[in-house]
Amino acid sequence: MDQSQTISAAQYFFVYNAFSFTFATMAATTLFLWLSKSEVAPPYRTALVISGLVTAIAAYHYLRIFESWQAAYEVSGTTVTGTGNAFNDAYRYVDWLLTVPLLLIELVLVMRLSSEETYSKATRLGLAAALMIILGYPGEVATDTGTRVLWGTLSTIPFLYIVYELFVGLGAAIKRQPESARNLINNARWLTFASWGFYPIVYMIPFTSFEGPNVETALQIGYTVADIIAKAGVGVLIFLIARRKSVAEYGDVEGNYPPQEAAAMARH
């Protein structure tokens with residue numbers, strides 16, 4: 001946003017508090033996921049570690065985004081003025097380039113498919129997710145509508161492939177999951193789709209009737225809400241899926257595992 005344009009104190013603190021809240025949410029979710037690793041069977045611990053890694057990376061980047069927002073503006077009473085330091089929104093795309101592929105990989109891992117199927121789906125989905133982010137960035141920083149539309153459209157192609165894989169490619173695999181976990185896995189799939197589908201809507205805000213600081217405020221709040229749902233929300237679902245599958249496949253998660261699994265847990 002051009003900082004010569006006036007941003008109100010309400011807008012500034014709305015975004016400021018949203019960044020602060022999201023940093024705390026991501027950090028707390030990371031601790032929860034990593035500290036809960038012992039509550040699931042060994043085959044599902046990697047999914048929890050990766051899920052926690054997603055929120056840890058997001059927490060770091062939200063701290064940097066928060067600091068950049070502070071540095072870009074000076075607040076005096078109810079007056080907010082630009083400092084001349086540019087707000088670095090590129091932190092978001094660096095974060096997404098790392099976390100979006102991992103979000104899909106954690107979903108594949110918690111389903112515990114065969115080694116070949118896991119490698120195939122994780123690789124294809126991870127690469128498609130990275131391509132989606134890379135193609136979206138030039139449009140995000142573009143100053144003209146045509147360029148934003150072009151790169152946004154190109155970014156939609158790998159997104160549609162990911163949607164296909166989520167609802168067709170993983171459909172048969174979900175039917176092989178323990179009955180007690182199927183609904184949660186399906187919820188995780190839909191939550192991933194819904195939150196990811198929200199990003200393109202936010203991306204299109206500059207084409208609406210919003211103008212000036214209203215555009216920047218709506219973009220930052222929209223992306224932030226989507227991040228919380230896609231990372232912290234799905235992360236908690238990954239834990240619940242892993243725990244429910246542990247109970248279904250191994251019995252009491254408090255320690256009633258078959259000898260082989262008990263030995264594996266001891267080594268971890």
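**Aromatic pairs and nonpolar cores**

Tryptophan 96 and tyrosine 223 are both buried in this predicted model. Tryptophan 69 is likewise buried, its relative accessible area being 0%, and phenylalanine 87 is buried with a relative accessible area of 15%. The rings of tryptophan 96 and tyrosine 223 form an edge-to-face pair, with centres 5.1 Å apart and planes at 75°. This pair links distant parts of the chain, since tryptophan 96 belongs to helix H3 and tyrosine 223 to helix H8 (residues 213-250), 127 residues apart.

In total, the structure contains 20 aromatic pairs. Tryptophan 69 and phenylalanine 87 make up one of them, an edge-to-face arrangement with 5.1 Å from centre to centre and 85° between the planes. Tryptophan 69 is located in helix H2 (residues 45-72), whereas phenylalanine 87 is in the loop between E2 and helix H3 (90-111); the pair therefore ties together parts separated by 18 residues in sequence. Both residues also belong to a cluster connected by ring pairs, which consists of Tyr12, Phe13, Tyr16, Phe19, Tyr62, Phe66, Trp69, Tyr73 and Phe87. A further ring, that of tyrosine 203, has arginine 148 over its face, at 4.3 Å from the ring centre.

The largest nonpolar core comprises 54 residues, of which Val110, Met111, Ile162, Trp196 and Tyr223 touch the most other members. At least two residues of this core come from each of H2, H3, helix H4 (115-140), helix H5 (145-169), helix H6 (171-175), helix H7 (179-203) and H8. The greatest contribution to this core is that of H8, with 13 residues. Apart from this core lies another, of 16 residues, which includes Ala9, Val15, Phe66 and Phe87. In soluble globular proteins, nonpolar side chains tend to be buried together. When residues up to four places away in sequence are left aside, methionine 111 touches Leu170, Ala173, Ile174, Gln177, Ile185 and Lys245.

Strands E1 (residues 73-76) and E2 (residues 79-82) run antiparallel and are joined by four bridges. Within this pairing, glutamate 74 of E1 stands opposite threonine 81 in E2. The two strands form a hairpin with two residues between them, and glycine 77 in the turn adopts a positive phi of about 65°.

Methods: Residues numbered from 1 in each chain as written. Predicted model: local features only at pLDDT ≥ 70, side-chain atom pairs only at ≥ 80, totals over all residues. Heavy atoms only, no water. Pairing = 2+ DSSP bridges. Phe/Tyr/Trp six-rings, centres within 6.5 Å; stacked < 30°, edge-to-face > 60°. Buried < 20%, exposed > 50% of the residue type's maximum accessible area, 1.4 Å probe, protein only. Lys NZ or Arg CZ within 6 Å of the ring centre and 35° of its normal. Core = buried A, V, L, I, M, F, W, Y, C linked by side-chain atoms within 4.5 Å. Contact = heavy atoms within 4.5 Å.
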